[in-house]
Amino acid sequence: MEIVLSTHLPAADIAPKTLHQAMRYAVLEGGKRVRPLLAFAAGEITQAQPERVEIAAAAVELIHAYSLVHDDMPAMDNDVLRRGKPTCHVEFGEATALLVGDSLQTLAFDLLASHTLNDNAQQQLHMIKILANASGSRGMAGGQAIDLASVGVAISLPELEFMHIHKTGALIRAAVLLGAHCGQLDPAQIEKLDHYAKCVGLAFQVVDDILDASAPTAILGKTAGKDAADNKPTYVSLMGMTEAKSLAASLHQDALLAIQGFEHNQRLREMADFIIQRTF
Ligand code: GRG
């Protein structure tokens with residue numbers, strides 16, 4: 001995946017050099033690559049060609065990287081560390097960080113439009129729409145808007161869930177769907193994959209809240225305990241640690257149930273396990 005991302009990012013010695021260096025800085029050398037791994041795992045279900053899935057996976061990861069760059073900026077979360085190194089705006093300045101996010105986002109759609117991902121052109125257009133919807137105001141950006149508006153506000157559990165389904169879940173869902181759409185689709189399969197994706201997407205966030213609440217010091221560049229310190233509602237603050245852990249476990253079970261009838265589902269099962277058991 002690193003080679004794919006590196007190949008499709010603009011070279012650092014091509015003008016505008018600082019912007020291109022900053023784009024590479026924001027994407028390469030770091031990150032768990034959960035979304036690309038999910039795309040590959042879903043592609044195995046539909047027997048997709050790996051060279052096609054890797055483009056879809058890269059596009060999703062570029063959107064993810066852009067979201068982190070903008071999320072870290074002073075107007076949003078104001079973080080100074082990301083993936084164990086200074087955040088993009090700390091390293092390159094705020095104006096460049098804004099442009100990095102903009103450029104990564106457009107590069108993602110350029111990739112989807114420039115490569116054959118499916119022999120059915122209609123299906124490929126639908127993939128572009130999946131990523132657009134997942135990223136925009138009805139997906140991740142919308143979830144982020146709700147998140148920003150909820151700081152210091154008492155929100156209910158359904159409201160918290162609504163926010164995370166959009167902010168984190170939408171892109172995770174897009175990763176699974178895009179990976180699957182690179183292959184031969186069966187609508188019943190897609191429905192089950194979609195359910196799997198919704199469960200792991202939400203579980204990812206519940207586990208993130210559990211890790212954030214459990215770790216007293218900075219881990220791997222993420223400022224642990226920051227959400228609580230920022231007075232942001234989390235699953236742990238709303239439900240308590242024990243309930244949050246059982247919610248994560250039940251989402252894990254639901255995810256596994258959704259894909260249990262599929263052949264070639266081992267990687268999707270492993271990803272669900274990783275998302276629940278991860279410690280970083
Ligand atoms: C700025 C439009 C816009 C959106 C930002 C996803 C997001 C929306 C912000 C991230 C805020 C955050 C830290 C949320 C917690 C869950 C999460 C998405 C963590 C980061 O994803 P990982 O753990 O990161 O997959 P790596 O570095 O491993 O890629």
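In this predicted model, glutamine 260 is found in the loop that joins α13 (241-258) to α14 (266-277). Within 10 Å of this residue there are 11 other C-beta atoms, and glutamine 260 is therefore classed as exposed, the limit for that class being 12 or fewer. Glutamine 260 was also compared in position with glycine 101: the two are 159 residues apart in sequence, and their C-alpha atoms are 38 Å apart in space.

The ligand is surrounded by 16 residues, of which Gly31, Lys32, Ser67, His70 and Gln144 are the closest. Four helices, namely α4 (50-71), α8 (140-149), α9 (157-181) and α10 (187-214), each contribute at least two residues to this shell. The greatest contribution comes from α4, which supplies five residues. When the shell around the ligand is divided by class, seven of its residues are polar, five are charged and four are nonpolar.

The axes of α4 and α7 approach to within 11 Å and cross at roughly 20 degrees. Angles under 35 degrees count as roughly parallel, and α4 and α7 are therefore described as roughly parallel to each other. The crossing of α4 with α7 is right-handed. On the side of α4, the contact is formed by Ala56, Ala59, Val60 and Ile63, while α7 contributes Met127, Leu131 and Ser135. Six of the residues in this contact are nonpolar and one is polar, whereas none is charged.

Leaving aside residues up to four places away in sequence, methionine 1 touches Arg33, Pro36 and Ala57.

Most residues other than glycine have a negative phi, and most peptide bonds are trans. Against this background, the peptide bond from alanine 15 to proline 16 is cis, with an omega near -5 degrees. Proline 16 itself belongs to the loop between α1 and α2 (17-27).

For glutamate 29, a residue other than glycine, phi is near 55 degrees. Glutamate 29 is located in the loop that connects α2 with α3 (34-45). This residue is classed as exposed because 11 other C-beta atoms lie within 10 Å. Arginine 83, likewise not a glycine, has a positive phi of about 55 degrees. The position of arginine 83 is in the loop between the strands β1 (81-82) and β2 (85-86). With 17 other C-beta atoms within 10 Å, arginine 83 is therefore assigned to the partly exposed class.

Technical notes: Residues are numbered from 1 along each chain as its sequence is written. This is a predicted model: local features need pLDDT of at least 70, side-chain atom pairs count only at pLDDT 80 or more; totals for chains, interfaces and linings use all residues. A residue is buried if 20 or more other C-beta atoms lie within 10 Å of its own, exposed if 12 or fewer, and partly exposed in between; C-beta atoms are placed from the backbone. A residue is near a molecule or strand if its C-beta atom, placed from the backbone, lies within 6 Å of it. Ala, Val, Leu, Ile, Met, Phe, Trp, Tyr, Cys and Pro count as nonpolar, Asp, Glu, Lys and Arg as charged, and the others, Gly among them, as polar. Two residues are in contact if their C-beta atoms, placed from the backbone, lie within 7 Å. Axes are lines fitted to C-alpha atoms, for helices over the stretch in contact, and angles run from 0 to 180 degrees between N-to-C directions. Angles under 35 degrees count as roughly parallel, over 145 as roughly antiparallel, 65 to 115 as roughly perpendicular and the rest as oblique. A crossing is left-handed if the near helix is turned anticlockwise from the far one by less than a right angle, and right-handed if clockwise.
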